[in-house]
Amino acid sequence: MPGPSPQGHNWSQKSEDEEDPLDQMILRTGCATFHYAVQECMAEHQDWRKCQQQVQAFKDCMKEHQKQRMEELQKKQRLAQAKS
């Protein structure tokens, strides 16, 4: 039985057609632009401290998305309760 590969996983070998589930999730939130800004800042500076503005904007966008999603779920629950 062969042992584990000494190089470990190489996540960059996925096919071009394969979509990243995290990217798909972020696209559905409407916050992808903010996410990409964080990625670009990190690629440029390699330091989270220099990207706080981008991180905060992404965080704020995700927070708003989560708030809207929660309101939709509560509305659906109220409708379901009203029907029963």
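**Disulfides and nonpolar core**

Cys 61 touches Gly 30, Cys 31 and Phe 34, leaving aside residues up to four places away in sequence; contact means heavy atoms within 4.5 Å. The model is predicted: local features need pLDDT of at least 70, side-chain atom pairs count only at pLDDT 80 or more, and totals for chains, interfaces and linings use all residues. Residues are numbered from 1 along each chain as its sequence is written, and side-chain values use heavy atoms, with hydrogens and water left out.

Two disulfides are present in the structure. A disulfide is a pair of cysteine sulfur atoms within 2.5 Å. One joins Cys 31 to Cys 61, with the sulfur atoms 2.0 Å apart. The torsion about this S-S bond is about -90°, so the disulfide is left-handed. Cys 31 lies in the loop between helix H1 (21-29) and H2, and Cys 61 lies in helix H3, so the pair ties together parts that are 30 residues apart in sequence. Helices are DSSP runs (H or I, at least four residues), numbered from the N terminus. Both Cys 31 and Cys 61 are buried. Buried means under 20% relative accessible area, exposed over 50%, and partly exposed in between, with a 1.4 Å probe and protein chains only.

The other disulfide is formed by Cys 41 and Cys 51, whose sulfur atoms are 2.1 Å apart. Its S-S torsion is about -95°, so this disulfide is left-handed. Cys 41 sits in helix H2 and Cys 51 in the loop between H2 and H3, 10 residues apart. Cys 41 and Cys 51 are both buried. With the bonded cysteines of the chain numbered in sequence order, the pairing is 1-4, 2-3.

The largest nonpolar core has seven residues: Ile 26, Cys 31, Ala 32, Val 38, Phe 58, Cys 61 and Met 62. H2 and helix H3 (52-83) are the elements that give two or more residues to this core. H3 supplies the largest share, three residues. A nonpolar core is a set of buried Ala, Val, Leu, Ile, Met, Phe, Trp, Tyr and Cys residues joined through side-chain atoms within 4.5 Å. In soluble globular proteins, nonpolar side chains tend to be buried together.

His 35 belongs to helix H2. His 35 counts as buried because its relative accessibility is 11%. Beyond residues up to four places away in sequence, His 35 touches Asp 23, Ile 26 and Phe 58. Tyr 36 is placed in helix H2 (residues 32-45). Tyr 36 is partly exposed, at a relative accessible area of 33%. Its C-alpha atom is separated by 10.0 Å from that of Ile 26, 10 residues away along the chain.
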